[in-house]
Amino acid sequence: MLLEIDRVSVRYATPRGVLNAVEQVSVGVARGETLGLVGESGCGKSSLGKVIVRLIEPAEGTIRLDGADLGQLTRAQWLPWRRRMQMVFQDPLSALDPRKTVRRTLTLPLEVHRIGSSAERRERVDALLHQVGLAASLADRLPHELSGGQRQRVNIARALSLDPDVLICDEPVSALDVSLQAQVLNLLSDLQRERALTSLFISHDLAAVGYLADRIAVMYLGQIVEVLPRDELWQHAAHPYTQLLIESIPTRGVPLPPTSSAELPSPFAPPRGCRFQQRCPHAMPVCRETPPQLTTVGTTHVVACHLYGGGEAAAGPVTKTIALPGRHGAAQAEPAVEPWQAESTRSV
Ligand code: SF4
């Protein structure tokens, strides 16, 4: 794996107490692969993206790039590694300096990393604009003079300017109009193919993740509950939460049962046992007591659920293949926007 996330936890100190946003997450991204990370708002997926690029520090765990433990690097040693991992943020306007033109925004990272002469930087910026589908005439514009889609293209161009090994896209289209979302998704898809990018695509939108990713990791309340290849998503999703996400995609046209009145779990005090138990139509007594562990159910498919023997992994790695039951209907649930997101937070 080019990027390895090994038992990483992220905690925030909030006025309500310590919040475990990410708990003991392990996942890797192979060179040239796009891993989709999907889950509802507040599940910890953006925190995981930020901890990878060291915008926040992990409470525990290791992040390795090309075998190097990034947590062991000093700030000075980090700069050349920082160049190898770039991030595209959700809000294209706030991610840009309102006083800098497009050309200045794209030139600055090259200057900081002392790449090329002045003429070479100019050429490189022109090439980047072309690559992300922006006219050269936009180079002298300020962010407020651009459309939302154009701003996000500038952000993508800036992230690509340093020729990174890994691109982390955190909800890159969710702030855009629906008409612009498809354009930016197509651009990312083209860039992945042309540049053989290794990327982590973070989104609450399973349809977008299913379109772009080679493999998909599903997160629920700070933990990964399923990882599976894109080709298996629609027919062989195993975890009840993944199945709920699929059923909730509006374009599938499946009539949904009324929203469950079950109490949504709090990230400050997650339930003992399976964290999905309050919303799961298959919850069993064991689910109330024992947290399910990730269990292998296919060559590259793992799921954390007692329906698939998820308790056995606690005693050691499970390697047997387990037959998957058929899909089922699932209750609609509103995205869980957690109250802590509106409060002041700091990582601990
Ligand atoms: Fe549902 Fe139990 Fe599986 Fe959790 S472990 S998803 S509660 S069946």
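Predicted model: local features only at pLDDT ≥ 70, side-chain atom pairs only at ≥ 80, totals over all residues.
Numbering starts from 1 along each chain as its sequence is written, and side-chain values use heavy atoms, with hydrogens and water left out.

Back to those strands, which are DSSP E runs of at least two residues, while helices are H or I runs of at least four, both numbered from the N terminus. S3 (34-38) and S8 (198-203) run parallel, joined by five bridges. Pairing, by the way, takes at least two DSSP bridges between two strands. Zoom out and you get an open, mixed sheet of eight strands, ordered S6-S7-S8-S3-S9-S10-S12-S11. S6 (85-88) and S11 (294-298) are the edges, each pairing on one side only.

Now, what lies across S3, S6, S7, S8 and S9? That's helix H1, at about 150 degrees to S8. Angles here run from 0 to 180 degrees between N-to-C directions, using lines fitted to C-alpha atoms, for helices over the stretch in contact, and contact means heavy atoms within 4.5 Å.

H1 (45-52) has six of its eight residues buried, so it's largely enclosed by the rest of the structure. Buried is under 20% relative accessible area, with a 1.4 Å probe and protein chains only. The buried ones are Lys45, Ser47, Leu48, Gly49, Val51 and Ile52. Just after H1, Arg54 takes a positive phi, about 65 degrees.

Conventions: Buried < 20%, exposed > 50% of the residue type's maximum accessible area, 1.4 Å probe, protein only.
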